[in-house]
Amino acid sequence: MSMSDSESSSSGDYKNLRQITRERLLYEMLRSTRAKDPKAIWKVLIMDKLTTKIMSCACKMADITEEGVSLVEDINKRRQPMLSMDAIYFVQPTKENVAIILSDMSGRSPLYKRVFVFFSSPASRELIHLIKNDGSVLPRMGALSEMNLEYFAIDSQGFITDHERALEDVFGDNAEILQTHNAFIHTMAARIATVFASLREFPYIRYRAAKSSLDASTLTTFRDLIPTKLAAAVWHCLARYKAIIPDFPQTETCEFLIIDRSIDQIAPVIHEWTYDAMCHDLLNMEGNKYVQKVPSKTGSTSEKEVLLEDHDPIWLELRHLHIADASERLHSRMTNFISRNKAAQIHNNSRDGGELSTRDLQKLVQTLPQYSEQLDKLSLHIEIAGKINELIRELGLREIGKLEQDLVFGDAGTKDLISFLKAKQEVTPENKIRLLMIYAAIFPEKFDGDKGEKLMQVS
């Protein structure tokens, strides 16, 4: 799901999804515990694997520390008793997590002074009763609350529900017979619903109905019913929020459109030429993490992990630009910096006025410490753009990209594809497969019988 920047409110107080998520975690959750006990300066924050990811997507460690958290711990690891400190649990409402919380805080020797429990999604009555019925834990409980926040805010306008196997588990050949199929859909729906809980939006839910609802003679498969199942599950969660969240809208405020990949099979495999897409497609990045090589004063090179995220103004400026436009804009930025800075001009002139390389830029950072942050970011993106352009040349992506576009728009056909595959033996297996997948999405009938095998042999 994404939101447009044009949707900002007329009062000027518009906040994007990541900002809203951050403020809920920091203020609605962490800061609320300080209000209940102003004397307690520091607390321990305990999370599980999922909630740790949720927190790291929206907040930095410095943000958490500023709200009075001195230590972050994993609920599944052995922890030392800290009887003078309160603990905040931000975890999923599972039997395992509740059992650990009760074990930590029950009896005569609890791990912490008091405990504040925040569940990431709605907890079952069974789990709530389990907590309330423990006579030794209840007096030590400062809060028991449902945050209804169980999604990853991957950037200012998008989120994911952390279901990497969704395609296989929801649409796979054996998905229907798996016991986990319906549970998977309900978990996905519950996490989607928590986005609306954070946004305080109550949507109209639109989805593609099964074909049989329009034509009784059409056979309905279990895959056709998945949008209906997901829509119903999301609606069930939202109806609960409507009843229990005090300021949740009582009438529809927006629209939620549920679609699946079948409406656009080409998008995941065609080469997308924006700077952001090229980074993730060509640089083998792990999430938004890029490994930069940084030269030291001694001449050696070290590696530094950097995150390409919203706090980087150059990334925000370039990410949705075509790679050619992004490269041109980086060149203009560097030229403007040199023209305004005498030390940079001297450094550049010493190289006979040639282009500054990434290594030169990094040396310039050491020469001009007052501009280090600005030059660090600039050198990072010049390095990235340089690598991308080099790979575009090495892999012959311009020619591949042109054929992809021609196939999609009907300007190329079978003969063009076969001629290209025969002539360009150096094309990587991955790019050949991507071309064939695009072709199959456009002309599925060309893969009937042994036609597909013949095409694979040509490639």
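Which residues of helix H5 are buried? Leu127, Ile128 and Ile131 are, in a helix that runs over residues 125-132. Buried means under 20% relative accessible area, with a 1.4 Å probe and protein chains only. Helices are DSSP runs of H or I with at least four residues, strands are runs of E with at least two, and both are numbered from the N terminus.

A word on the model. It is predicted, so local features need pLDDT of at least 70 and side-chain atom pairs pLDDT 80 or more, while totals for chains, interfaces and linings use all residues. Residues are numbered from 1 along each chain as its sequence is written, and side-chain values use heavy atoms, without hydrogens and water.

Back to H5. The buried residues pack against helix H4 (95-105), strand S4 (115-119) and strand S5 (141-146); contact means heavy atoms within 4.5 Å.

Now the aromatics. The whole structure holds nine aromatic pairs. Rings of Phe, Tyr and Trp (its six-membered ring) pair if their centres lie within 6.5 Å; planes under 30 degrees apart are stacked, over 60 edge-to-face, the rest tilted. Take Tyr275 and Trp315: the centres are 5.8 Å apart and the planes at 55°, so this pair is tilted. Tyr275 sits in helix H9 (275-282) and Trp315 in helix H10 (313-318), so the pair ties together parts 40 residues apart in sequence. Both residues are buried. Elsewhere, Phe202, Trp235, Tyr241 and Phe248 form one aromatic cluster.

Technical notes: Buried means under 20% relative accessible area, exposed over 50%, partly exposed in between (1.4 Å probe, protein chains only).
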